[in-house]
Amino acid sequence: MIHPVVMAGGTGSRLWPLSRQLNPKQFLKLTDQHLSMLQLTVARLDGMESADPLLICNEDHRFLAAEQMRQAGYKDARIILEPCGRNTAPAIALAALQLVKNIDENQNPLMLVLAADHLIKDIAAFQCGIQNAIPLAQQDKLVTFGIVPGHAETGYGYIQQGPKLADDCFSVSRFVEKPDQKTAEEYFASGDYLWNSGMFLFGARTYLRELQKHRPDILAICQAALDDASEDLHFTRVNESVFAECPEDSIDYAVMEKTDNAAVVALDAGWSDIGSWSALWEVSEKDDSGNAFSGDVIAHNTQSTLVRADSRLVATVGVKDLVIIETKDALLVAHKDQVQDVKKVVERIKSDGRHEHMNHREVYRPWGVYDSIDNGHRYQVKRITVKPGAKLSVQMHHHRAEHWIVVSGTAKVTNGEESYLVTENQSTYIPVGQIHCLENPGVIDLELIEVQSGSYLGEDDIVRFEDRYGRS
């Protein structure tokens, strides 16, 4: 039995403006119209003898992760929440400690560590690689998966193959950093090097023993943080103050480059980490002119260009080798050779005190979604969708009043001491300082328009008195 551990942290800033801090690339539908990168990751485990996935994600993404796992068929998905990012070595340690908790000390469950934002086109080859790795992991090897390179690539780290252990399986001679172009060409020509995929298979106790040997400080803090964890709905919340003291380190630096038990399985499965817009263009279906279009696009005399139009018509004339990404609140136009610098735009947005790096106009909540469709001095207008049976928190605002107009469905409104129903084409008013609540008692989505007015309209002007989702 394999225990998949899916690392769903990270912000994917090089895929801005689609990837945002509160809605990063692993939760986006980048390569599939119906499934996010996270959902594709768990879907490629279908047919394997494996336990339900264990997710590790950021506190800010907990409801997004839980909802996407519910949509993927995992109603009660197990999710470990990191209060702050500390890289992969501590994250995997938390998962390993969780897996060995309350089981016999002689048991050594196999962990399949996957990233939630990778693309793998050949699922059969991927699953075959995992089967090849299992015997090695059962021999206490720490197995990583190396990608058979298709070209000289400077954007990935490499693994040099050592002596052959079995079909497509080798000991690890060494790990090497991202090379320059000349060195990458030498690696590619030699046939001895694989791209470092960041995927692993090993026994949970095997990993913990190696971590104890090479980074006991990380293991001790992770153990203490998990020992003082709390359970909240489907989430395991590790102790924030303890975990914040954990050093940041990757599994490669902390363990894999130091252990004598590393092995690598060569994997040729159409892998990509979709680390940039040019990488997405490379794996996308293209027309006869080399263009990859998504959304409402009209192109004339356009070549080798990626266009993603999310909310309006995008037209191109006489362009080549561009990336054009349109969202409701931002537009990116970049040359394909310069897309690695998109993160510099994100840094500028942050330094300027703007908000376009944080979230989209549409914001997902555990109860549904809202879209900020208009705003100005002392007012803001939102389109709100509440899922059937869902309820917003019982709350109050110090600085704003709200006017709700129901477009479809039925709203159950608590307004001070009153409780009543509001149906289509009806409205209600919530004064400043009034304790109130909104609920959808029906079986279809509740759609409403909310008009906020007041001196301050920020999301932090919410005093919660009761919340079924554990928010404070």
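**Annotated spans and a helix trio**

Reply: In an unreviewed UniProt entry, the annotation "domain: MannoseP isomerase/GMP-like beta-helix" covers residues 295–348. UniProt positions follow the numbering used here, feature names are shortened, and annotations may be inferred rather than shown by experiment. This is a predicted model, in which local features need pLDDT of at least 70 and side-chain atom pairs count only at pLDDT 80 or more, while totals for chains, interfaces and linings use all residues. Residues are numbered from 1 along each chain as its sequence is written, and side-chain values use heavy atoms, with hydrogens and water left out.

Let's go through the spans before zooming in. Residues 295–348 are 13% helix and 41% strand, and their end C-alpha atoms are 28 Å apart. (Helices, H or I of at least four residues, and strands, E of at least two, are DSSP runs numbered from the N terminus.) The unreviewed entry also places "domain: Nucleotidyl transferase" at residues 4–287; that span is 34% helix and 25% strand, with its end C-alpha atoms 37 Å apart. From the record again comes "domain: Mannose-6-phosphate isomerase type II C-terminal" (unreviewed entry), at residues 353–467. There the chain is 0% helix and 56% strand, and 31 Å separates the end C-alpha atoms.

Now for the close look, at α3, α6 and α7. Start with helix α6 (residues 204–214), where Ala 204, Arg 205, Thr 206, Tyr 207, Leu 208, Glu 210 and Leu 211 are buried. Here buried means under 20% relative accessible area, exposed means over 50%, and partly exposed is in between, using a 1.4 Å probe and protein chains only. Those buried residues of α6 pack against α3 and α7, and also against β4 (110–115), β6 (142–147), β9 (193–203) and α9 (251–256). A contact means heavy atoms within 4.5 Å.

Take α3 against α6 first. Their axes come within 9 Å and cross at roughly 130 degrees. Axes are lines fitted to C-alpha atoms, for helices over the stretch in contact, and angles run from 0 to 180 degrees between N-to-C directions. α3 and α6 are therefore oblique to each other; under 35 degrees would be roughly parallel, over 145 roughly antiparallel, 65 to 115 roughly perpendicular, and the rest is oblique. The crossing is left-handed, a word for the near helix being turned anticlockwise from the far one by less than a right angle, with clockwise giving right-handed. On the α3 side, Ala 89, Ile 92, Ala 93, Ala 96, Leu 97, Leu 99 and Val 100 meet Ala 204, Arg 205, Tyr 207, Leu 208 and Leu 211 of α6. By class, this contact has 11 nonpolar residues, one charged and no polar. Ala, Val, Leu, Ile, Met, Phe, Trp, Tyr, Cys and Pro count as nonpolar, Asp, Glu, Lys and Arg as charged, and the others, Gly among them, as polar.

Next comes α7 against α6. The axes of these two come within 5 Å and cross at roughly 120 degrees, so α6 and α7 are oblique to each other. Leu 208, Leu 211, Gln 212, Lys 213 and His 214 of α6 meet Pro 216, Ile 218 and Leu 219 of α7. The contact of α6 with α7 counts five nonpolar, two polar and one charged residues.

The remaining pair is α3 (residues 88–100) with α7 (residues 216–227), whose axes are 9 Å apart at an angle of about 55 degrees. That makes α3 oblique to α7. α3 passes α7 in a right-handed crossing. Ala 89, Pro 90, Ala 93, Leu 94, Leu 97 and Gln 98 of α3 make the contact with Ile 218, Leu 219, Cys 222, Gln 223 and Leu 226 of α7. Nine of the residues in the contact of α3 with α7 are nonpolar, two are polar and none is charged.

Arg 86 is buried, because its relative accessible area is 15%. Setting aside neighbours within four places in sequence, Arg 86 is in contact with Phe 243, Ala 244, Cys 246, Pro 247, Glu 248 and Asp 249. Its C-alpha atom is 9.4 Å from that of Glu 245, 159 residues apart along the chain.

For a last stop elsewhere, Trp 367 is found in the loop between β20 (362–365) and β21 (368–376). Trp 367 is buried, at 6% relative accessible area.
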